[in-house]
Amino acid sequence: MTQRGRDAGAALGDDPSGAVTTLATRVRQLVCESPDDAVVTTPVGAMRLVDYLPTRTFELTVSPDAPTYPPA
């Protein structure tokens, strides 16, 4: 897990803030363009995007031990 964190940090390049801003913009656009019934695959099964986003946001907000994983 530690190495995965280091690799993710290195992948941000020389401008981590800019890289995160670019990524956030791309994700926001993708979410806005996706239908509510779009299905995402998670480690525990498939969920509709409209159901996944609020539950994942809540989990990351309230739980310091929330699991993280790369998108499928």
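**Figure 1. Two salt bridges are counted in the protein.** A salt bridge is a side-chain nitrogen of Lys or Arg within 4 Å of a carboxyl oxygen of Asp or Glu. The structure is a predicted model, in which local features need pLDDT of at least 70 and side-chain atom pairs count only at pLDDT 80 or more, while totals for chains, interfaces and linings use all residues. Residues are numbered from 1 along each chain as its sequence is written, and side-chain values use heavy atoms, with hydrogens and water left out.

**Figure 2. Aspartate 51 and arginine 48 form a salt bridge.** The closest N and O atoms of this pair are 2.9 Å apart. Aspartate 51 is partly exposed, because its relative accessibility is 33%. Arginine 48 is also partly exposed, with a relative accessible area of 40%. The classes are defined by relative accessible area, found with a 1.4 Å probe and protein chains only: buried is under 20%, exposed is over 50%, and partly exposed is in between.

**Figure 3. Glutamate 59 and arginine 56 meet through their side chains in a salt bridge.** The N to O distance is 3.2 Å. Both residues lie in helix H3, three residues apart, which is about one turn of the helix. Helix H3 covers residues 49–62. The side chains of arginine 56 and glutamate 59 are also joined by a polar contact of 3.2 Å. A polar contact is a pair of N or O atoms within 3.5 Å; within protein, one atom must be able to donate a hydrogen and the other to accept it, and residues adjacent in sequence count only if both atoms are side-chain atoms. Is arginine 56 buried or exposed? Arginine 56 has a relative accessible area of 10%, so it counts as buried. Glutamate 59, at 28% relative accessibility, is partly exposed.

**Figure 4. Strands E1 and E2 form a hairpin.** Two residues stand between the strands. E1 and E2 (residues 45–48) pair in the antiparallel sense over four bridges; two strands pair if DSSP finds at least two bridges between them. Valine 40 has methionine 47 of E2 opposite it. In a regular strand the side chains alternate between the two faces of the sheet.

**Figure 5. Threonine 42 is a buried residue of strand E1.** The strand spans residues 39–42. The relative accessible area of threonine 42 is 10%, and therefore the residue counts as buried. A polar atom of the threonine 42 side chain lies 2.6 Å from the backbone oxygen of glycine 45.

**Figure 6. Leu23, Val27, Val31 and Leu53 make a nonpolar surface patch.** The area of the patch is about 280 Å². Patches are made of residues with over 30% relative accessible area and no salt bridge; like charges are joined within 9 Å, and nonpolar side chains (Val, Leu, Ile, Met, Phe, Trp, Tyr) within 5 Å. Which helix gives the most to the nonpolar patch? Helix H2 (residues 16–33) does, with three residues. Valine 31 lies in this helix and is partly exposed, with a relative accessible area of 32%.

**Figure 7. The protein has three helices and two strands.** Along the sequence, their pattern is α-α-β-β-α. Helices (H or I, at least four residues) and strands (E, at least two) are DSSP runs, numbered from the N terminus. Of the 72 residues, 7% count as buried.

Definitions and conventions. Accessible areas come from the Shrake-Rupley method with a 1.4 Å probe; for residues, only the protein chains shown count as cover.
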